[in-house]
Amino acid sequence: MKKGATEQTFIFIFALIVAAMILAWGAKTILDLRNKAEQVQIGDAIEDIKEMAITYYNLEEGSSSPIEERFPNEVKCICFKNVFNPRETNVRNGVLIDGNNLDECDDNRLEAMLDSSALEYNIFITPFHKYAVTRFSAIKQVVPYFNGDEVRYVCFKNNKGKIDAIIESKGDRVYIKGA
């Protein structure tokens with residue numbers, strides 16, 4: 001084999017390795033960009049819910065509207081925690097709307113967060129491991145409501161990017177309840 005042919009073979013192999021590395025970097029960048037886009041979509045939807053809560057807090061009692069925010073399909077549940085009056089004795093345990101129990105939300109840390117006495121966050125999404133930010137704060141007057149009672153928390157299953165929830169003004173509170 002001639003000396004030039006050997007060098008040309010190594011240059012060709014090196015070019016293939018560099019091309020493979022560039023393709024791998026490009027694929028990783030596209031996947032990271034997709035995850036960032038989903039996180040932005042979640043943040044945007046939560047921000048809209050926060051703005052709705054402020055709006056309905058200031059509206060006449062009885063005003064209501066469906067929550068029509070879109071979430072990525074990978075989000076399993078969106079939960080609202082009662083931080084307005086978490087220690088009242090008549091407040092029942094939480095519920096999962098359109099489901100059997102919180103196991104359907106597929107995250108064992110969710111129940112611990114919803115049952116904790118920490119009052120910093122009142123909106124959660126699952127799965128926790130999928131997104132960088134999964135806990136959010138809205139005004140403290142957002143109160144989960146189910147079957148005529150305020151509850152400690154209410155979770156809504158993500159149904160094709162939407163939740164079946166209603167926001168309603170109740171004087172000094174804003175109720176989040178099933179549609």
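**Entry 1: the β6–β7 pairing**

I count two strands as paired if DSSP finds at least two bridges between them. With that settled, I opened this predicted model and went to strand β6, which covers residues 142–146. Two bridges join β6 to β7, and the two strands run antiparallel. I then looked up which residue stands opposite tyrosine 145 in β7.

**Entry 2**

In what order do the five strands lie? I read β1-β9-β10-β6-β7, in an open sheet with mixed pairing. The edges are β1 (64–67) and β7 (149–150), and each of these pairs on one side only. A reminder to myself: strands of a sheet pair through backbone hydrogen bonds, either parallel or antiparallel.

**Entry 2: β2 and β8**

I turned to another strand pairing, β2 with β8. Five bridges join these strands, and they run antiparallel. Here I noted lysine 81 opposite tyrosine 153 in β8. Is β8 mostly covered or mostly open? It is mostly covered, since four of its five residues are buried.

**Entry 3: a disulfide across the pair**

How many disulfides does a search of the whole structure find? I got one. It is formed by cysteine 79 and cysteine 155, with their sulfur atoms 2.1 Å apart. The two cysteines come from distant parts of the chain: cysteine 79 sits in strand β2 and cysteine 155 in strand β8, 76 residues apart. I checked the handedness too: the torsion about the S-S bond is about 110 degrees, so this disulfide is right-handed. Are these two cysteines buried or exposed? Cysteine 79 is buried, and so is cysteine 155.

**Entry 4: aromatic rings**

For ring pairs I keep two numbers, because a pair of aromatic rings is described by the distance of the centres and the angle of the planes. My count came to two aromatic pairs. In one of them, phenylalanine 80 and phenylalanine 156 have ring centres 6.1 Å apart and planes at 75 degrees, so the pair is edge-to-face. Phenylalanine 80 belongs to strand β2 (residues 77–81) and phenylalanine 156 to strand β8, so this pair also links distant parts of the chain, 76 residues apart. Both phenylalanines are buried.

The other pair brought me back to tyrosine 145, which is stacked with tyrosine 175 at 4.1 Å centre to centre and 15 degrees between the planes. Tyrosine 145 is in strand β6 and tyrosine 175 in strand β10 (residues 173–178), 30 residues apart. Both of these tyrosines are buried as well.

**Entry 5: nonpolar cores**

I keep in mind that in soluble globular proteins, nonpolar side chains tend to be buried together. In this model, the largest nonpolar core has 27 residues. Among those with the most contacts inside it are Phe80, Ile78 and Phe71. Which elements each supply at least two residues of this core? I listed α1 (3–58), β2, β4, β8, β9 and β10. The largest share, seven residues, comes from α1.

There is also a second, separate core of ten residues, and it includes Cys105, Met113, Phe124 and Cys155.

I then picked isoleucine 78 and asked what it is in contact with, leaving aside its neighbours within four places in sequence. The list is Phe71, Ile123, Phe124, Ile125, Val154, Cys155, Phe156, Asn158 and Ile163.

Last stop, the loops. A cis peptide bond joins threonine 126 and proline 127, with omega about 5 degrees. Proline 127 lies in the loop between β4 (123–126) and β5 (135–136).

Asparagine 147 has phi near 50 degrees and sits in the loop between β6 and β7. Its relative accessible area is 63%, so asparagine 147 is exposed. Lysine 160 has phi near 55 degrees, and its place is in the loop between β8 (153–157) and β9 (165–170). With 70% relative accessibility, lysine 160 counts as exposed too.

Key. Residues are numbered from 1 along each chain as its sequence is written. This is a predicted model: local features need pLDDT of at least 70, side-chain atom pairs count only at pLDDT 80 or more; totals for chains, interfaces and linings use all residues. Side-chain values use heavy atoms; hydrogens and water are left out. Buried means under 20% relative accessible area, exposed over 50%, partly exposed in between (1.4 Å probe, protein chains only). Rings of Phe, Tyr and Trp (its six-membered ring) pair if their centres lie within 6.5 Å; planes under 30 degrees apart count as stacked, over 60 as edge-to-face and the rest as tilted. A nonpolar core is a set of buried Ala, Val, Leu, Ile, Met, Phe, Trp, Tyr and Cys residues joined through side-chain atoms within 4.5 Å. Contact means heavy atoms within 4.5 Å. A disulfide is a pair of cysteine sulfur atoms within 2.5 Å.
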